[in-house]
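Dear colleague,

Here is the structure I said I would pass on.

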Amino acid sequence: MTTAARVLGMLAERGETVAVAESLTGGLVAAELTAVPGASNAFRGSVTAYATELKHDVLGVEETLLAERGAVNPEVASQMAAGVRTVLGAGWGIATTGVAGPGPQDGQPAGTVHIAVCGPDGTGKSAALRLNGTRAEIRRESVRSVLGLLLDELLGPTRAQDTEQNGGN
């Protein structure tokens with residue numbers, strides 16, 4: 001079972017939903033989720049805010065944050081996840097922002113990616129990734145990573161207990 005299928009299954013069982021805000025992945029996270037039969041039970045929709053100003057205008061990312069730090073920033077990812085959750089009326093929001101390459105952006109080298117999850121209580125988690133590979137590989141790994149981060153959040157503290165009981169794997 002794919003991570004997308006696991007995530008959607010867990011959300012549907014709980015009666016919860018997810019929305020996606022994407023930049024460098026350009027719709028690939030939404031495509032991965034909608035490839036799962038029955039995705040509409042938990043997937044609300046997505047916003048591909050590729051242009052920096054859309055991150056502010058559509059998703060509500062602070063304009064000063066974007067001006068001072070650029071779009072490739074962990075706080076931008078967190079605000080994107082929170083913003084898409086609100087704009088699309090979902091319980092969970094996930095986001096990707098970064099540089100797929102081939103060259104740098106906002107002073108950040110290709111492979112610099114930030115992902116985030118925002119949960120129903122408005123709190124969340126973000127992660128910074130330093131990825132190698134082609135543009136396509138960086139984008140694919142970003143999709144895998146953000147869905148994995150959401151899965152970890154959905155599993156919550158039970159995952160740590162399961163890992164401990166199974167010898168750390």
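The notes below go through the sheet, the helices on it, the central strand and the pocket.

Please keep in mind that this is a predicted model.

Five strands make up an open sheet with mixed pairing, and their order across it is 2-1-3-4-5. The edges are taken by strand 2 (43–48) and strand 5 (124–130); each has a single partner strand, so one side of each is left without a neighbour in the sheet. From one strand to the next, the twist averages 10°.

Strand 1 (residues 18–22) pairs with strand 2 in the parallel sense, over five bridges. Within that pair, Val18 has Phe43 of strand 2 as its bridge partner.

The pairings of strand 4 run the other way. Strand 3 and strand 4 are antiparallel and joined by six bridges, with Ala95 standing opposite Ala116 of strand 4. Strand 4 and strand 5 are also antiparallel, here with seven bridges, and Val113 has Leu129 of strand 5 as its bridge partner. The hairpin of strand 4 and strand 5 has five residues between the strands, and Gly122 in this hairpin takes a positive phi near 90°.

**Strand 4**

How many of the residues of strand 4 are buried? Seven of the seven are, so strand 4 is largely enclosed by the rest of the structure. In a regular strand, side chains alternate between the two faces of the sheet. For strand 4, both faces are covered: Thr112, His114, Ala116 and Cys118 are buried on one side, and Val113, Ile115 and Val117 on the other.

Helix 6 has 21 residues and reaches 30 Å from first C-alpha to last, close to the 30 Å expected at 1.5 Å a residue. Just after helix 6, Gly156 takes a positive phi of about 60°.

The buried residues of helix 6 are Ile138, Ser142, Val143, Ser145, Val146, Leu147, Gly148, Leu149, Leu150, Leu151 and Leu154. Their cover includes helix 1 (3–14), strand 1, helix 2 (28–34), strand 3, strand 4 and strand 5.

Why does Ser145 count as buried? Its relative accessible area is 12%, and buried means under 20%. Leaving aside neighbours within four places in sequence, Ser145 is in contact with Ile115 and Leu129. Ile115 is among the buried residues of strand 4, while Leu129 is the strand 5 bridge partner of Val113.

Rolling a probe the size of a water molecule over the atoms shows where empty space is left. The largest pocket holds about 150 Å³ of space. It is lined by 16 residues, of which Ser23, Leu24, Tyr50, Gly98 and Gln105 are the closest to its centre. Helix 3 (52–57) and strand 3 are the elements that give two or more residues to this lining.

Regards

Conventions
Residues numbered from 1 in each chain as written. Predicted model: local features only at pLDDT ≥ 70, side-chain atom pairs only at ≥ 80, totals over all residues. Heavy atoms only, no water. Pairing = 2+ DSSP bridges. Helix = DSSP H or I, 4+ residues; strand = E, 2+ residues; numbered from the N terminus. Axes fitted to C-alpha atoms, helices over the stretch in contact; angles between N-to-C directions. Buried < 20%, exposed > 50% of the residue type's maximum accessible area, 1.4 Å probe, protein only. Contact = heavy atoms within 4.5 Å. Expected span 1.5 Å × (residues − 1). 1 Å grid on protein atoms, 1.4 Å probe; cavity = no way out; pocket = protein on both sides within 12 Å on 5 of 7 lines; lining within 4 Å. Points joined across faces, edges and corners; volume = space filled by probe spheres on them.
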